[in-house]
Structure formats: structure tokens, C-alpha cells
Amino acid sequence: MRITVKVGTSTLTHATGRLNIQRIEKLCKVLSDLKNAGHEIILVSSGAIGMGVGKLNLPGRPADMPGKQAAAAVGQCELIYTYDKLFGEYNHTVAQLLLTGEDIKNGQRSHNVRNTLTRLLELGALPVINENDAVATDEIGVENTIGENDTLSAIVAAAIGADLLVLLSDIDGLYDSDPHQNPDARIIPTVENVDDHIYALAGGTGSALGSGGMVTKLNAAVIATSAGCEMVIANGSKPDLLYDIAQGKPVGTRFLKRKV
Ligand SMILES: Nc1ncnc2c1ncn2[C@@H]1O[C@H](COP(=O)(O)OP(=O)(O)O)[C@@H](O)[C@H]1O
Ligand SMILES: N[C@@H](CCC(=O)OP(=O)(O)O)C(=O)O
């Protein structure tokens with residue numbers, strides 16, 4: 001299977017913004033193993049701004065655009081260095097792609113991105129993708145904000161014909177209301193159609209370092225499932241779940257392919 005995995009900031013970093021070493025080590029180990037088992041893996045990783053916050057010892061996520069861009073420029077270095085090191089331990093070769101909205105929207109450039117990704121997979125490399133936050137302010141999906149990787153990962157999954165998109169978050173899946181607001185919230189195991197009723201369940205981000213919340217994950221589900229790619233939201237604190245998800249076992253929330 002061709003699997004795109006998106007990992008959110010809250011999975012990769014502690015509340016301080018510093019790298020969660022145990023978490024990222026486990027994630028790289030499982031992804032390496034899935035690759036060894038014959039799956040093609042594309043990783044869309046957030047965390048540049050979060051890690052920049054940690055590395056620059058900032059008190060929190062910057063509110064202004066230049067502050068976010070500077071944090072991203074610092075944090076992206078640490079992020080890709082860490083992936084290169086950890087995947088390298090399992091003999092996997094990492095490739096970095098930093099994309100802007102223009103790279104995805106513009107016909108020729110999106111064609112170039114698709115060609116590059118396809119060739120990297122043919123070569124056995126593991127593409128690690130993030131938005132080019134240091135230069136892009138016109139991010140994908142929403143105007144005047146920076147970096148929204150839920151949508152980016154769905155666009156990538158659709159463009160390269162992935163079979164499965166997994167969004168690893170700080171929560172087990174889509175609930176019938178935000179569990180951080182409502183302790184009685186219940187998880188929804190399967191979604192057949194992302195309609196207004198489903199959108200009405202989604203709230204914003206639950207952490208200081210995350211950015212999208214559930215709404216952007218539902219936008220991603222629409223893009224992925226319309227392109228024939230199933231999508232699963234699962235808890236990134238347990239990377240082992242990826243084994244079950246790849247086998248189609250019930251984990252988190254699975255969004256089924258749209259029927260045509
Ligand atoms: N209906 C819902 N079900 C689950 N989580 C929800 C819901 N509505 C809002 N959320 C919030 O979305 C958060 C996950 O998104 P986000 O903060 O962007 O994290 P990440 O960076 O890991 O993607 C959850 O922690 C939760 O607080
Ligand atoms: N591109 C940004 C994060 C974008 C994003 O969508 O963040 P998140 O909600 O943590 O997945 C970064 O690397 O910091």
C-alpha cells in the first residue's frame with residue numbers, strides 16, 4: 001500500500017515545544033518497519049514552529065507572522081535532522097520537500113511535485129513534507145495563517161494516488177463533541193460521508209501548539225476520500241497503532257472512500 005502519514009505538532013513535541021524524543025523514535029521505528037514490509041510511506045510532518053519555539057526558548061508560539069516564520073526556519077532544521085538520523089538508523093533515506101500553496105495550486109508546479117514524489121518512491125526514499133513556513137504566508141486552505149498540514153497531507157495523498165492517509169493527532173479520533181470541552185464525548189468509529197452533520201461536531205485546536213483542530217481534518221477527509229483514498233484519524237502517542245491501521249483494523253475514526 002501507498003500510505004501518507006501526517007503527524008501533528010502535539011504528537012512530536014512536549015508542551016514546552018521541545019522534541020518528544022521517545023515519541024518520534026517510536027514513530028520512525030514503526031514507519032521504517034512498515035516500509036520494510038513493502039509499503040510506500042510519505043510523511044507529512046508538522047512541528048517546525050513548535051520545535052523552533054523550544055530551540056529559541058520562546059515563551060510560546062509567536063502570534064506575529066515574522067515570528068512564526070523565524071521559528072519555523074529554526075525548527076525545520078532540527079526536525080529534518082532528527083528524521084534523517086532516526087530513519088538512517090533503520091537504513092532508510094529521507095528526502096525533504098517544503099511546499100507552498102503555489103506549488104500545489106499551479107498546474108506545472110504541482111505536476112513537478114508529483115513527478116518528484118513518484119521518482120523518490122521509485123528510488124525507495126522516504127519523502128518528509130512540510131509547508132515552507134519560512135517563506136509562505138498564503139497557506140493552503142485558509143488565508144492569512146501559516147502552515148496547515150491536514151489539508152496539505154490530503155492534497156499530497158490525492159496527488160500521488162495514496163491508498164490510505166493517516167492523520168496522527170493528540171486525540172483518538174473524531175468524537176461527537178470536543179473531548180477537551182465535554183468529558184462524555186464518544187468516539188465515532190466510521191464516517192461514510194463528511195456532511196454538515198459531521199462538520200457540526202468539529203471544534204478547533206485543543207492545545208497551544210497545534211493549529212488546525214478537527215475542522216481541517218474533516219476538510220482533509222473530503223479531499224482524500226473524494227480521490228479514492230481512505231483516511232484514518234488516530235492517536236499519535238501510540239505509533240504502534242499504524243500496524244493495525246494498515247491492516248484495516250478498527251482504530252480511531254476511519255473515513256471511507258466516497259462512493260461515485
Ligand atoms: N469533535 C472533536 N473530536 C475530537 N477532537 C476535537 C473535536 N473538536 C475539536 N477537537 C480538538 O481537536 C484537537 C486536535 O487537533 P490539533 O489541535 O490541530 O492537533 P494536531 O496538531 O495533533 O493535529 C483535539 O485535541 C481536540 O481538542
Ligand atoms: N507547518 C507548521 C504546522 C502546521 C500544522 O498544521 O500544525 P499541526 O496542527 O500541529 O499539524 C509547522 O511545521 O510548524
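Buried means under 20% relative accessible area, exposed means over 50%, and partly exposed is what falls in between. Keep that handy for these exercises on a predicted model.

**Exercise 1.** Work out whether Asp 172 and its salt-bridge partner Lys 238 are buried, exposed or partly exposed.

*Solution.* Start with the pair itself: the closest N and O atoms of Lys 238 and Asp 172 are 3.9 Å apart, and a salt bridge needs them within 4 Å. Next, look up the areas. Asp 172 has a relative accessible area of 30%, so it is partly exposed. Lys 238 comes in at 42%, so it is partly exposed too.

**Exercise 2.** Now try Glu 230 and Arg 254: where do they sit in the chain, and are they buried or exposed?

*Solution.* Glu 230 belongs to strand β7 and Arg 254 to strand β8 (residues 253–255), 24 residues apart. Their closest N and O atoms are 2.6 Å apart, and they form a salt bridge. Glu 230 has a relative accessible area of 19%, so it is buried. Arg 254 is at 13%, so it is buried as well.

**Exercise 3.** Describe how helices α2 and α4 pack.

*Solution.* Take the geometry to begin with: α2 (residues 21–36) and α4 (residues 65–89) meet at an angle of about 50°, and their axes are 9 Å apart. The two helices are therefore oblique to each other. Their crossing is right-handed. Then check who touches whom: the contact residues include Leu 27 and Leu 31 of α2, and Tyr 83 and Phe 87 of α4. Sorted by class, the contact has seven nonpolar, two polar and one charged residues.

Technical notes
Residues are numbered from 1 along each chain as its sequence is written. Chains are lettered from A and ligands numbered from 1 in the order in which they are written. This is a predicted model: local features need pLDDT of at least 70, side-chain atom pairs count only at pLDDT 80 or more; totals for chains, interfaces and linings use all residues. Side-chain values use heavy atoms; hydrogens and water are left out. Axes are lines fitted to C-alpha atoms, for helices over the stretch in contact, and angles run from 0 to 180 degrees between N-to-C directions. Helices (H or I, at least four residues) and strands (E, at least two) are DSSP runs, numbered from the N terminus. Angles under 35 degrees count as roughly parallel, over 145 as roughly antiparallel, 65 to 115 as roughly perpendicular and the rest as oblique. A crossing is left-handed if the near helix is turned anticlockwise from the far one by less than a right angle, and right-handed if clockwise. Contact means heavy atoms within 4.5 Å. Ala, Val, Leu, Ile, Met, Phe, Trp, Tyr, Cys and Pro count as nonpolar, Asp, Glu, Lys and Arg as charged, and the others, Gly among them, as polar. A salt bridge is a side-chain nitrogen of Lys or Arg within 4 Å of a carboxyl oxygen of Asp or Glu. Buried means under 20% relative accessible area, exposed over 50%, partly exposed in between (1.4 Å probe, protein chains only).
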